[in-house]
Amino acid sequence: MRSEEQEMAEQLKQELEEIRFLGAEKVISRTFPKSSRERLSSLWNKEVEISAAAIGYFGAVAAVLLLGGLLWREAIVKPAVSVPLQMSNELLEAGGNYYWKDQYERMVARLENSGQD
């Protein structure tokens, strides 16, 4: 059995003796690029396989992000409910802090009403 394998190996070696691969330098230069242009070219020429599941997943993520961005933008761009400013709006100092007089009076009234319950 061993001699049979050795005979086949010898025969294969004799048949392939005439065949020479001459593109080794070209393959090595493409595999290990030296310049930045060669590296960019090798990166550009790579084959990428993307499964349909991955495309669906990334599409769903992109849709959610887009929708979230649009809703967030709407929340920011929409003007807040404006409180009409009074011409005689004054600042009050209470406890070392400054408050608008009308807001301060509303909060005090609300606190007094909640204390009565």
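R106 and D102 lie 4 residues apart in helix α5 (residues 101–116), so about one helical turn separates them. Helices here are DSSP runs of H or I with at least four residues, strands are runs of E with at least two, and both are numbered from the N terminus. The model is a predicted one: local features need pLDDT of at least 70, side-chain atom pairs count only at pLDDT 80 or more, and totals for chains, interfaces and linings use all residues. Residues are numbered from 1 along each chain as its sequence is written, and side-chain values use heavy atoms, with hydrogens and water left out.

R106 and D102 form a salt bridge, with 3.5 Å between the closest N and O atoms. The criterion is a side-chain nitrogen of Lys or Arg within 4 Å of a carboxyl oxygen of Asp or Glu. Side chains of opposite charge can pair when their charged atoms come close. Buried means under 20% relative accessible area, exposed means over 50%, and partly exposed lies in between (1.4 Å probe, protein chains only).

The whole structure holds 2 salt bridges. One of them joins E5 to R2, whose closest N and O atoms are 3.7 Å apart. Both residues belong to helix α1 (residues 2–16). Their spacing is 3 residues, so they too are about one helical turn apart. E5 is partly exposed, at 43% relative accessibility. R2 is exposed, at 60%.

Strands β1 (residues 91–94) and β2 (residues 97–100) pair in the antiparallel sense over 4 bridges. Pairing requires that DSSP find at least two bridges between the strands. L91 stands opposite W100 in β2. The hairpin has 2 residues between its strands. Within this hairpin, G95 takes a positive phi near 65 degrees.

Aromatic pairs number 2 in the structure. The ring centres of Y57 and F58 are 5.4 Å apart and their planes meet at 65 degrees, so this pair is edge-to-face. Rings of Phe, Tyr and Trp (its six-membered ring) pair if their centres lie within 6.5 Å; planes under 30 degrees apart count as stacked, over 60 as edge-to-face and the rest as tilted. Y99 and Y104 form a tilted pair, at 5.8 Å centre to centre and 35 degrees between the planes. Y99 is partly exposed at 34% relative accessibility, and Y104 is partly exposed at 33%.

Y57 and F58 are both exposed. F58 is placed in helix α4 (residues 52–77) and has a relative accessible area of 53%. Y57, F58, V61 and L65 form a nonpolar surface patch, with about 450 Å² of accessible area together. Patch residues have over 30% relative accessible area and no salt bridge; like charges are joined within 9 Å, and nonpolar side chains (Val, Leu, Ile, Met, Phe, Trp, Tyr) within 5 Å. Accessible areas come from the Shrake-Rupley method with a 1.4 Å probe, and for residues only the protein chains shown count as cover.
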